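With the model open in a viewer, please follow the stops below in order, making each selection before reading on.

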Amino acid sequence: METQRFVMQNSGASLVLLDNDGIRVCQLDIKAQWSIGRWDPIRAVTPDISFTSPIVSREHGWISNVDGQWYYVDNPQNLNGTFHNGYKIPRPMAGQRRPVPLENGDILRIDNDDLDHVNRNGVLMLFTTAQVHGEWATCSLQRVGSMYIGRDASCRIREEALYFSARHAKIKAVRGQYYLSDCGSMAGTYVNGQQVQGTHLLREKDCISICDSNYFFLGDRLLYCQRDREMEHQILCETTPSLRPVVLRADIATKRVKNNSGSGMKELIRDIHIEIKEGTLVALLGTAGAGKSTVMNCLNGMDLEGVQGAVTYRGVDLMKHFDQMSYLIGSVPQEKIFHEKFTPEEEFELAAKTRLPARLSRTEIRERVDRTIEMLSLQGVRKNWNCKLSGGEKTRVNIGIELVADRELLCLDEPDQGLSPNYKLEVFQIMQELAHSRGKSVEEFMEEDERMKVAAMRKVASSQGKTILSIIHDVSHIDMFDQVIMLAKVDGVGRLAFSGSPEEAREYFGVDIKDAYALLEREPERFVR
Amino acid sequence: MKGYAVNRISFLRELMLRIDEGWRVLRRERRNLIISLLFPVIAAAVTVWIAGENMFVNCESTKSACFILVCAAIWGGLFNSIQTVVKERKMIKRDYVSGAMRIGCYTASRAFLQLLLCAFQAAILCMSFYGVKWAYENELPEMGLIFDDAMLEYYITVFLVMYAADALGLMISCFVRSEQLASQLSPYILIVQLLFSGVLFAMEGAAQSVSALMLSRWGMEALGSISNLNELPLRLQEEFPYIPHEADEAFAYTAEHLWQVWLILLVFVIVPLVAGNILLHGVKKDSRG
């Protein structure tokens, strides 16, 4: 699967434009090149992205997509030049053009040479690839002593997503300067990819991130997208898995690590291009040594060392900002990682206490633990030590540790290993329910008094399905999965052989999926894309 | 934040949870716990048996007894902790990466539990002094250099040596990635500690500087000072009383010297714990999950 051309790509790229006329959003994916300039009524020149500001030249620059990568190209003839992330783009030599690659969150500005003294006709363009539904808005910080971002009704910027704490982050004005601090949230607050510890003095163009929500500091206001969670939820519920938005995307050219002797490099995987949609159950299959665990550890962000390419979850680059998203991702490794001399009940209780918000009462934690035990059919052994459990029960305890924490993306490495056929089916059914049912358990996050106030919000928040990616070996229940990803080993390197629904897989290989293993062992080159 | 519960559990709450977790692990690993508690009993018995007869009677026997105690304290401390963190490394990575663990809480909880264990083991080890009195009716030093009770000073010294060795073990356990490697490293550490203690060989030149980095040397200095080794007669002096006993300034019988050595031992406790805490953050880079 080589790099796709523009027409095939839906990157979700858009340009948020901010000038004296207000905020506009330009969806970039509909064409490959966009001209940027000033609208001139006399010459009747109308650029694709037009401004009325006099400091913008008639032909100021272009936004172009080449092989899926967006670039900004500054016109050397424009009068005032352009800033990219606070740095003026250098003028190229005559006749040359210097494209600037754009990444999610990049800010382009047309303004005075000194950004500390901005022009009132200045123009700001925010490049974003986040596929969200909502309206862009600004929140003024002027004449505000301090303000909060969070789920609580008293917050000036109120968010509905469950990963927000009641009061998540605080911005305080002190003598004309603005200081950001995290209010001890579970998911953390990040500025330009760095976690906020203590207080952080905000500088213009700082990007404040809370998981996949971003707020851009513009000196005296915040620019952010007011997400319409209800619409996002409605889309999720009404669409079939294949039409849901992509949440996890991997474009891995290669992953290389040191070889066993430490003297050279060994390539583990190559050309892995995967898209995983929200609320789907995905099976990761492959022949022995095809790199299933390697791919899994790239997709969940646990091991991205030596990767060339990109892995994004909800538009956020996990290679750069994994910490920011780690609260949303749960990983269940193949090895049984738990305390041998704990009972499942104790193990889940500890996991719940350390993973869930502190505000949950003892009773709520107890209920959560009880339900996890019930879901995993561990009632009969809840008081037994983990080391005394059967292999299948140990696997379920391993899953339960992350299950109790209610993550958004759950990555399981061979949960079916060592399970008897009926337990396998049971575990797959649990996974399917988690992905397809609409997360009934999350109501617990709401405080009693909050419930009445945020009834509508709860409806939305409690209906998010989980995205579950799992390496499995037994394909007898493969039709329970929405998507199948198959890897094959070619010349000792793991390659992508197929990605699609189980029906499409049967069609692609021309045999049943369990027989496709033999085909991939025999002639992997035939199927590698 | 008045009126609003913050969402992430506080450092203190997490610390309590981790202490509870570690305590349950320690308590339930019964075989390991029994070995840990039997070790100082055996070490104390060996001290009484091998070097007890002339302990506090002549300088050489007292020095030998002190050396056995220091070695036992280092050995015990190191073996208490060297597997503690490394055996839970995968669990630490999973919890730390998913935001369910503060490394600081984890290391502090394990350091606290090891402190309790060392405090108990040091008390057992110090029973050897009473063993000497009981078995051979030797006179024990009564007055200490700092406190009125020399036994308290012996206890503090043995505890500090043992806990410093324990902290060193924790640091190694935080750094290495396999239990096997941790086990392989420990004998080397012990040998180096013994060689550079200044008891087996005279330390001169560069060896003197290396010996300054050894717990064994400072442990010996403290125990030697409390025992007032410089004032105890040499074995030869029993037959030839005119032979002079040259005082060794390492065993200076002053409160200042003992304070100084205790402070150094405290540094040997703090530095590895802080370093271990920093090193354990590297768990994130472990290749497999």
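This is a predicted model: local features need pLDDT of at least 70, side-chain atom pairs count only at pLDDT 80 or more; totals for chains, interfaces and linings use all residues.

Select the loop between helix 9 and helix 10 of chain B, where B:N228 has its place, and inspect its backbone: phi is near 55 degrees, a positive value in a residue other than glycine. Most residues other than glycine have a negative phi.

The crossing of helix 9 of chain B past helix 10 of chain B is left-handed. To see the contact itself, show the side chains of B:L215, B:W218, B:E221, B:A222, B:S225 and B:I226 on helix 9 of chain B, together with B:H257, B:L258, B:V261, B:W262, B:I264, B:L265 and B:F268 on helix 10 of chain B. Sorted by class, the residues of this contact are 10 nonpolar, 2 polar and 1 charged.

Staying in chain B, select helix 3 (residues 59–81), which has 23 residues and reaches 33 Å from its first C-alpha to its last, close to the 33 Å expected at 1.5 Å a residue. Of the 23 residues of helix 3 of chain B, 20 are buried, so this helix is largely enclosed by the rest of the structure.

Now display both chains and turn to the contact between them, which takes 29 residues from chain A and 28 residues from chain B. On the side of chain A that touches chain B, strand 28 (329–332) and helix 4 (344–355) of chain A each supply at least two residues, and the largest share, 4 residues, comes from helix 4 of chain A. That side of chain A divides into 11 nonpolar, 9 polar and 9 charged residues.

The last stop is A:D67, which you will find in the loop between strand 5 (61–66) and strand 6 (69–74) of chain A. Although A:D67 is not a glycine, it has a positive phi of about 50 degrees. Is A:D67 buried or exposed? With 10 C-beta neighbours inside 10 Å, A:D67 counts as exposed.

Conventions
Residues are numbered from 1 along each chain as its sequence is written. Chains are lettered from A and ligands numbered from 1 in the order in which they are written. Two residues are in contact if their C-beta atoms, placed from the backbone, lie within 7 Å. Ala, Val, Leu, Ile, Met, Phe, Trp, Tyr, Cys and Pro count as nonpolar, Asp, Glu, Lys and Arg as charged, and the others, Gly among them, as polar. A crossing is left-handed if the near helix is turned anticlockwise from the far one by less than a right angle, and right-handed if clockwise. The expected span of a helix is 1.5 Å times one less than its number of residues. A residue is buried if 20 or more other C-beta atoms lie within 10 Å of its own, exposed if 12 or fewer, and partly exposed in between; C-beta atoms are placed from the backbone.
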